[in-house]
Each structure stands twice: as structure tokens, then as C-alpha cells.
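Reader: Before I use the labels in this structure, I would like each one set against its criterion.

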Amino acid sequence: MSEPVNIRLLDPGTRIVLDDGATAEIVSNPLDGVWLFARYLTAPDDPARVGSEEMIFAQDVVEIQDGP
Amino acid sequence: MTDARSLGYRRGLVDLAAGRISREIFVNEEIYREELERLFARAWLFVGHESQIPKPGDFFVSGMGEESVILCRDRTGKVHVFLNSCRHRGMKVCRYDEGTTPVFTCPYHGWSYGTDGKLVGVPYFREAYHEKLDKSLWGLIEVPQLCLYKGTVWASWDPMAPPFLEYLGDFVGYLDLTLDGWDGSEGGTEILGGIQKWLIPCNWKFPAENFCGDSYHNISHRSVDLVGIGPSGSGRRDMQERQMARRLHVAFYERGHQTGVYLFPKDQPMPPSYQHSPVVAEYFAHCEAERRKKRGEWARVIGSPGEIFPNTALHPRQPRTIAVWHPRGPHQTEVWRWYLVDASAPPEVKDFLRDYYIRYSGPAGMTEQDDMENWNYAHAASRGTIARRYPYSYEQGLGFETERYEWQGLHIPGTVMDITEAKSSEHNLRNLYRRWAEFMEAESWDELATWRFARAAE
């Protein structure tokens, strides 16, 4: 099991991996430690979500994606 | 415990004909519970000032009765007041005093709300709720009535309450003495510094009645007057004003609002004040001259402490403040005090007033400390089994009111008690409890908005 990610430290532009395998780029961070606003880059389970902006729950963030 | 309903508020507990009020209304748990429902859930309450939330996303956590509320400005600039309680399990969604945020997020399970109150974030919305939860039904609870008036923000939980300006009636002219610019311009105040908050071990009605116009208690402040904390050289800042003006207590029977005022003689110049600082003295002298030009005869009316029913106190004439007496159980009051200045005043004036306000009002202010001593011990000494059997006296000046008061060509709205010679009255205090009893007994606004019947009859 991976270490929990402290989402309060994540800046806009950071790419994150979610627990369903999707990836997203942070658009804004309200710094409440619970939510991020992010745009989906990939969504294997639901490709229609790619490009959409949604609120991402902290516990769905698995890790920070390395590299571009 | 006394059965308050069976006694009857007007006849048994608040006997205005005899000028006697039972101590039960200050110390009785059952009566207190009923106040929360019948007063604080129905009346208009002061929430804050727009200058506290100038930008979209700004918020200030305030209170209405016992409940925490969020005053905020949404992304479009609209002002809202929400109950500070998550719809899921009730946790406070905002635990800061003030700030700026795009969302209010509950730290318990993570439900998140926009600054317009809409539920925008629900953890596991897809997985656990299967997208079946109708988010539009679960936004933050918003007050059904809100009014922005000259920078101040007022709200009522009762959708049937009359609009705020109707609730005020002609008393609005007295509220304006606090909210208008010192030079008589419309509005233009801002909040100076932070909000002072402190607890007093007494029922909320002790400070409320004191600010209605209890001029009888001035002996309590004798030591402060002797020390001379005022900014005018020695003694009270306003002593010269007081000596040349008519001193009036003004009550609005149908509304429950009341205030003291000083009424200046026609064509009499205002005596100098703030002599400790030439810059400040010149500023106020200039403002007084401007005020007379803009307001004409009404400029002869100078504000004094007053109260908008039930728990908003006005202190218009330096320190210029608004205080709210938040009930915290029958035996405790949380005081919040806002300090106002003209937004356009020079920095030297604002700095001078900040120092003066701090040494006068609030938990560290010398004058307010005197008051707190009285309320604290009066409450404690009224809780006992024996003490409760004996009412307080409110007989002072009973029957000496004037319905249409006029002096040197100026009519004063409201029912007036001229205390220039009498020195004191309990006219305004009786008015507070008259309205209190009406609220406690009335089942609806049909019974409370009596001025509507008079208008209909006409």
C-alpha cells in the first residue's frame, strides 16, 4: 500500500494518478486537504471523462506522476 | 421550575402597568429555550459588515442566536448567509473566523460546498452513491431573508418576517446615526480592526437593556470619568454637548427598538472636542459643519446608545460601535463588538479612534469593564430560589411619556421621555420587555406586525 499523498502540497499543473488508474492534472487547489480541482488526462474505465474538470477526493489520489 | 407559559409573559412575568419584571425571565432554563425559538428564529439579527467580505470568496463566520453562520460573498459577488453545518452529519464546514476560499469543506466525511452554498463535492459519489444522490437538495441551509443596508448585513430565519426596513420603521433614522458618514453623507462606514469577542456570565438581556438607554447606571462609570480616559482633555468627551442639549429616551412601541438621543438647540454650534489631537479635532469640526449643511434640522439630533430588537446594540457617538449579545445559555452571553469609522477618514483619525475605542470598550476597555461587573453579579445574585421570588423594579418615569414630542420646531419620531430634568427613566427598558413579551406570546407575525393593522384600518 502506498503512502498517503499530502494534497495540500500539490501545485496547479501537477499530474496525479488516481486509484482507478486514471490520471489528471491539477487545475487549482483549495488547500482544504480534502479536494483538488483537476482535469482528466486519461481514464481507462471511462474514456468520456478525459478532458473534463472534476473535483478529486484526496483519498482517490494514489501518487504523483513523475515526468511530463 | 416556574411554568412560564401558564403564568403568561405579559401579565405574570412582565407587568408593565406596575413596572415589575420577574427575575425568572433572566434565569429560567425553560424560558431561555423558548426565547431561542420565538425571538432568535423570528427576529432580524445583525450578522456583519460588507467591508469584512470585500472580494468574491471572502467569508466571515458570525452567529445568529446560538447558531454559527457563514457570511460570504460568492464568485459572482452576491452576499449569502448560511448555517455553518454540513447537511450530511452536521459538522461545521468552516472553523476559521474569516478568510477567503473557493469551497467550504466538511472535515468529517468531506462533503464540500461552493460559496453559493451548492453541494459540489461528495466523496465516492459514483461508487457509493451510484450517482443517485440529488446534490441540488443538499446545499447549505441559507437564511430565507437577508438585507444589506448601508454596509451592514442583517438576516432573519423567518420567511414570514416583514422586510428589514419595515421591521425598523421610522427607527431607521436613528440607525443611520451609526451608519452614515460623520459628515452626514449616506453610509460610508467601514470596520476598524478585528471583531472583539468575549464571554460574560450573565443573561443576554442584562447588556441588552443596558444599551437601550439605561442612563441610571452612570454612577458605575464615575471612576472612569474621574480618571479621564476621554480624548477631549478631561472628564467625559461629550460633557459640553450633554449640558446644552435636551436628553431624550425614544421608544418604538410596535417594533421594540429604542435609543437615547441628544437634541441640540436650534442654531447652536457644536462645542469643540478631541482637543488632545489637533488633526482629529479639525476633522470632526469639519464633519459637523458638513453634517449640518446636508441634514438640516435633523443634524440637531445626536446619537446615544440604543438597541434594535432583540440583541443588536448601537453606540453611535464614539466609540462608534455595533454590539451583538449572543445568547449562550440562560447564564452566559457572548459579546461581539464591531468598531466603525468613516472609510474616508484620514489615517491619523483612524489611529486615534482605534486607541480610544480600545481603552473605552471591549473586555479591556475601562468603561465596559464596569458594566460587566454589574451584569455578572446581578445575574449571579438573581439565580437563587429566594431571589427569584422577588421582581425587579422598572417603575422609573412610568406614565411620563410623550407621544408627539417636538422641541424648537423639530419633531422626534417615536414615543419620547424627556429626561433633561428628570435625569433618567426606564422608559426604553420597559419597551424592550414589552416587545420581548409580545414575541414570546405571539404565534405568528400576524400578531406582531401590528402597524399593518393600523395602516389597513386607515
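Predicted model: local features only at pLDDT ≥ 70, side-chain atom pairs only at ≥ 80, totals over all residues.

Reader: Why is A:Glu54 called partly exposed?

Author: A residue is buried if 20 or more other C-beta atoms, placed from the backbone, lie within 10 Å of its own, exposed if 12 or fewer, and partly exposed in between. A:Glu54 has 16 C-beta neighbours inside 10 Å, so A:Glu54 counts as partly exposed.

Reader: What makes a set of residues a nonpolar core, and which residues touch the most other members of the largest one?

Author: The members are buried Ala, Val, Leu, Ile, Met, Phe, Trp, Tyr and Cys residues joined through C-beta atoms within 7 Å. The largest has 106 residues, and B:Val47 and B:Leu248 are among those that touch the most other members. Helix H13 (residues 427-441) of chain B gives the most, seven residues; a helix is a DSSP run of H or I of at least four residues, numbered from the N terminus. A second, separate core has 14 residues, including A:Val34 and A:Tyr40.

Reader: How many residues of domain 1 of chain B are in contact with domain 2 of chain B?

Author: Contact requires C-beta atoms, placed from the backbone, within 7 Å. Seven residues of domain 1 of chain B are in contact with nine of domain 2 of chain B.

Definitions and conventions: Residues numbered from 1 in each chain as written. Chains lettered and ligands numbered in written order. Contact = placed C-beta atoms within 7 Å. Helix = DSSP H or I, 4+ residues; strand = E, 2+ residues; numbered from the N terminus.
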